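Here is a short briefing on a protein structure. Look at the chains and where they meet, then read the points below.

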Amino acid sequence: MRRSKVIRTFLFHLITLLFGYIMLYPLLWMFFSSFKDNSEIFLNAHELLPKRWLFKNYLDGWKGFAGYPFSVFFKNSFIVTVIGTIGAVISSAIVAYGFARCKFKGKGFWFGCMILTMLLPYQVVMIPQYIMFQKLGWVNTFKPLLVPAFLGQPFFIFLMIQFIRGIPDELDEAAKIDGCSKYSIFTRIILPLISPALITSAIFSFLWRWDDFLGPLLYLSKPELYTVSLGLRMFSDPTAVSNWGAAFAMATLSLVPSFIIFIFFQRYLVEGIVTTGLKG
Amino acid sequence: MSKITYKEPLKSRVDRIINSENIAGYVFILPWLVGFFVFTLIPIVATFYLSFTQYDLLSPPKFVGLRNYIQMFKEDPLFWKSMSVTFFYVFVTVPLKLAFALLLALWLSYKSKLTPFYRAIYYVPSMMGGSVAVAVLWQRLFTSDGVINSILKLFGINSNISWIGNPKTAIWTLILLAVWQFGSPMLIFLAGLKQIPESYYEAAIIDGANSWQKFIKITLPMLTPIIFFNLIMQMIGSFMTFTQGFIITNGGPVNSTLFYAIYLYRRAFQFYDMGYSCAMSWVMLIIIGILTAFIFKSSTFWVYYESKEGE
């Protein structure tokens, strides 16, 4: 009995690690290739570790293309991602409170509309939005990527509603008796209590905005405004690239912010998926 | 009773109005409401109107009636190509991805100290999701001098084909990429598995059920609401796939990976055929609507909700 349990545990760890290694192999390969000499990358490509560790790739890559270094793209990405995330989280929290705790006429109808927009493909609104932003003269600014963020994001609103519903009503009642208005209940009671949901939303928002490609592709056509996604695509255009080591170095760097967030906030990410998924 | 009427000060009147539940509710949802009208409702209506026009952004839209739709269905082989590529992609990717997600969720519900760490590892590819870095990497893995061929060589298989350059295999590399990112549905399945009461299994063991019977009779039925949720989310997501296809193969070779979203983007922003593109997006909306409605309708037959049991 005992021995079979040991064997089973051993097999579980072995198979999990083996399959995990296969899963991570592409990413590991990219990471190690970023230190390889260009001629080495596709020669015996399956080998992970570089024969000689070259850090030069990172310096070469950082220079970017067409005179625009990657520092410009990273700066742009940070502006778009951080401001957009702050806007999305704050506005979504306000809206979520309205839906979760206020009784008003037409609430059910608007809630239904909001859920439906979660299922709506972006392509359906893409063209009129583009025309609108173009007429406003917002093309080649960050505004089309930032302004909508400040008007609530249905996925986060939904996540926060689920979270607020878990907070006992009695807290609101007590605060009301103490003279709190709806607004101060929100800022003093609810907002601090839903901080885990705020963090989860902020993480998702950061990851999605950082990786976003279609938005910048539509609205940013000047290299000095490019985000990392656009810069990377230009930089690793197969017809133009000769230095794959440098391209992989920049690709690896572009994943670092997401990876750091993941390491530190993993718990919130998992909980977030779980809360929305289960009660959906 | 008395003639002196109390005149409420302005400030308290304002306070009373904005504190009424009705008003407060609308004050709170106002940001979303504005966004909904400006960035969703009006654009949807505009898309519908523009789908009956010819519009190149420069001159004003010209009304052409049903011409875009007729052209799409009768004269445009690329429309049908993109439709069939997308359907193939969705119908292969979604079941495979969900099967993997469920399998790995079952596997990783094994209790050990390292399990949370393993779950994190398996989630990493999904987190990197739609990034351009991963797309560029994928492209390099499947070229003729890429890693896949190099690994095949180790097993004595000399393959010189470019997997992304061959019309027969290109779509499969994109499917593989999508299946590789099974992390989110896996985590949702894991949460669902936790919700199943241990006592159900204990009872089944007493009745002499084996693992397979436990899975079929308890686990699977209890997970159906979650399978349902994952199915809808993944289906809609797969229909909209853009970035990976756009960067890795850009619809090629010979349109073998021409996703609907890529073709729609091309018509709009490379050919400036806005009217046609809007018509395409309405067709997409209708198809997704029908499929979603179909899954919802069918759910009464296969989704099991515990609360119904007692009724």
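Two residues are in contact when heavy atoms of theirs lie within 4.5 Å. The model is predicted.

**Between chain A and chain B**

- The two chains bury about 8100 Å² between them, and carbon and sulfur atoms account for 79% of that area.
- On the chain A side, F12(A), M23(A) and Y183(A) lose the most area to chain B, and together they make up 9% of what that side buries.
- As general background, the size of an interface is often given as the accessible area lost when the parts come together.

**The two domains of chain B**

- Chain B is divided into domain 1, residues 13-51, and domain 2, residues 67-300.
- The centres of these two domains of chain B, taken over C-alpha atoms, are separated by 35 Å.
- In chain B, 5 residues of domain 1 are in contact with 7 residues of domain 2.
- About 530 Å² is buried between domain 1 and domain 2 of chain B, with 69% of it coming from carbon and sulfur atoms.
- Where domain 1 of chain B touches domain 2 of chain B, its residues are 3 nonpolar, 2 polar and no charged.
- Between these domains of chain B there are 0 salt bridges, while 3 residue pairs are in polar contact, both residues being at pLDDT 80 or more.

**Helix 4 of chain B**

- Helix 4 of chain B covers residues 77-107, which is 31 residues.
- From first C-alpha to last, helix 4 of chain B reaches 45 Å, close to the 45 Å expected at 1.5 Å a residue.
- At the start of helix 4 of chain B, a side-chain oxygen of D76(B) comes to within 3.0 Å of the backbone nitrogen of L78(B).

**Salt bridges**

- Over all chains, the whole structure has 6 salt bridges.
- Which residue forms a salt bridge with D60(A)? The partner is K56(A), and the closest N and O atoms of the pair are 3.1 Å apart.
- Both D60(A) and K56(A) belong to helix 3 of chain A, residues 56-62, where they sit 4 residues apart, about one turn of the helix.
- An α-helix has 3.6 residues a turn, so residues three or four places apart point the same way.

- Most residues other than glycine have a negative phi, and most peptide bonds are trans.
- N250(B) is not a glycine, yet its phi is positive, at about 45°.
- N250(B) is placed in the loop between helix 12 and helix 13 of chain B.
- P253(B) also lies in the loop between helix 12 (243-248) and helix 13 (260-269) of chain B.
- The peptide bond that joins G252(B) and P253(B) is cis, with omega at about -15°.

Terms used:
Residues are numbered from 1 along each chain as its sequence is written. Chains are lettered from A and ligands numbered from 1 in the order in which they are written. This is a predicted model: local features need pLDDT of at least 70, side-chain atom pairs count only at pLDDT 80 or more; totals for chains, interfaces and linings use all residues. Side-chain values use heavy atoms; hydrogens and water are left out. Domain bounds come from an automatic or database domain assignment. Buried area is the accessible area (1.4 Å probe) that two parts lose on being put together, summed over both. A salt bridge is a side-chain nitrogen of Lys or Arg within 4 Å of a carboxyl oxygen of Asp or Glu. A polar contact is a pair of N or O atoms within 3.5 Å; within protein, one must be able to donate a hydrogen and the other to accept it, and residues adjacent in sequence count only if both atoms are side-chain atoms. Ala, Val, Leu, Ile, Met, Phe, Trp, Tyr, Cys and Pro count as nonpolar, Asp, Glu, Lys and Arg as charged, and the others, Gly among them, as polar. Helices (H or I, at least four residues) and strands (E, at least two) are DSSP runs, numbered from the N terminus. The expected span of a helix is 1.5 Å times one less than its number of residues.
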